[in-house]
Amino acid sequence: MYTLGIETSCDETSCAVLKNYRVISNVTISSLKEHAKYGGVIPEIATRLHLKNIDKVLNCALKEAKVSLKQINLIAATHSPGLIGALVVGLNFAEALALSLRRPFIGVNHLHAHIFAPFLNNAHPIEFPFLGLVVSGGHTEIYYVEDFTRIRLVGKTRDDACGEVFDKVAKTYGLGYPGGPHIDRLFKASCKNDFSFKCGKIGFDFSFSGIKTALVYKKLELEKQKKLTRKTVVSLLSSFQEEVLETIVAATCEAASKFKVRKIVCGGGVIANRSLRRKLTSKISADLRVLMPPLEYTTDNGAIVAGLGFYLYNRKGKESPLSLEARANQ
Ligand code: KG4
Ligand code: ZN
């Protein structure tokens, strides 16, 4: 069975074709460069570029998969959460395709799709329950997953998301956008304790806005004292990254123990971070497995949408209504 997955929740226009759970094409056009000069995603620009690119991305995905539109059996698209204008483009495109081709349509939650990433290409058997960890630009959340149809939120950021804080701190220190990969590259393990920063942690919830402000003030203070050297920046950002990632890993491990799960399944753009991957995989033991997606499936893409869509369609045995609306929140 062929599933077409369409993702447009933020700044990536992406379409993928899956044969069951095997990814046979996954094509993305990112509007990242258009937003870089503003230091963050501009929703209006993202929406216009989805409109401009979606047709091209679909055709490339079909061509690469060597599959015609008529061969597609199921159409899946992200309906929430995300930028409303951006979501509307992909969702309406998918619904119109389903209507004209007379194929079933299934709406997918973007965050749930992120934690489907490790299961693509049948890399791991889909077994429940597990703890889902999503660390992305817009969200930092821990879920108890009984099934992809029964997902309970157990922990979340109370303010900024992890990726958002990485991007804002990187912008303050004059690094490019998105800032996460820059901080990842600058990180030096030998500098991770040079400065003492703290994140908020309330049960399984986190707060990152305080550490973000601390980094902004530290820069102003060091600039005034003429002590802001390249070496100090590396120390500051390494200490910042260490504290943020340790907080997330600690809360995730505490939740895994409280909910007595034997598996943690990770997804989202920040899961590409080398140090975060190391920290999470170091928790693997006889009693705990950690499933990590390959790098290509960490950031937003159509394959995770198609994969989860195919699972949900089989599991529920029914399609979503074509009147399904986009929602900015979950
Ligand atoms: O999941 P994603 O593509 O979009 C959302 O759904 O938000 O995540 C994008 C986020 C950005 O904030 C970016 O800075 C971050 O993922 N990111 C990273 C790394 N690669 C991407 N953060 C830290 N280290 C990385 N290597
Ligand atoms: Zn995402």
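The radius of gyration here is taken over C-alpha atoms, and the globule rule is 2.2 Å times the number of residues to the power 0.38. With 330 residues, a compact globule would come out near 20 Å; this protein has 20 Å, so it agrees with the rule.

Before the tour, some conventions. This is a predicted model, where local features need pLDDT of at least 70, side-chain atom pairs count only at pLDDT 80 or more, and totals for chains, interfaces and linings use all residues. Residues are numbered from 1 along each chain as its sequence is written, chains are lettered from A and ligands numbered from 1 in the order in which they are written, and side-chain values use heavy atoms, with hydrogens and water left out.

**Whole protein.** Show the cartoon. The protein has 10 helices and 12 strands. These are DSSP runs numbered from the N terminus: helices are H or I with at least four residues, strands E with at least two. Along the principal axes, the C-alpha atoms fill a box of roughly 65 × 45 × 30 Å.

**Ligand 1.** Select ligand 1 next. The space it takes is the largest pocket. (A pocket is found on a 1 Å grid over the protein atoms alone: an open set of points where a 1.4 Å probe fits, with protein on both sides within 12 Å along at least five of seven lines.) Now show the residues around ligand 1, those with a heavy atom within 4 Å of it. Of these 19 residues, G137, G138, D167, D184 and G269 come nearest. The shell divides into 5 nonpolar, 11 polar and 3 charged residues. In this count Asp, Glu, Lys and Arg are charged; Ala, Val, Leu, Ile, Met, Phe, Trp, Tyr, Cys and Pro are nonpolar; the others, Gly among them, are polar.

**Polar contacts.** These are pairs of N or O atoms within 3.5 Å. Pick G137: one of its polar backbone atoms is 2.8 Å from an oxygen atom of ligand 1. Then try the side chain of H110, with an N or O atom 3.2 Å from a ligand 1 oxygen. For the side chain of D300, that distance is 3.2 Å. The protein covers 89% of the 560 Å² of accessible area that ligand 1 has on its own (Shrake-Rupley method, 1.4 Å probe). Colour helix 4 (110–114), helix 5 (162–172) and helix 6 (179–186): these elements give two or more residues to the shell.

**Backbone stops.** Which residue is joined to S80 by a cis peptide bond? Select P81; omega is about -20°. P81 sits in the loop between strand 4 (74–80) and helix 3 (84–101). Move to F128 and P129, also joined by a cis peptide bond, with omega about -5°. P129 lies in the loop between helix 4 and strand 6 (130–135). Finish at N20, not a glycine, yet with a positive phi of about 50°. Its loop runs between strand 2 (12–19) and strand 3 (22–30).

Key: A polar contact is a pair of N or O atoms within 3.5 Å; within protein, one must be able to donate a hydrogen and the other to accept it, and residues adjacent in sequence count only if both atoms are side-chain atoms. A molecule sits in a cavity or pocket if more than half of its atoms lie within 2 Å of its grid points.
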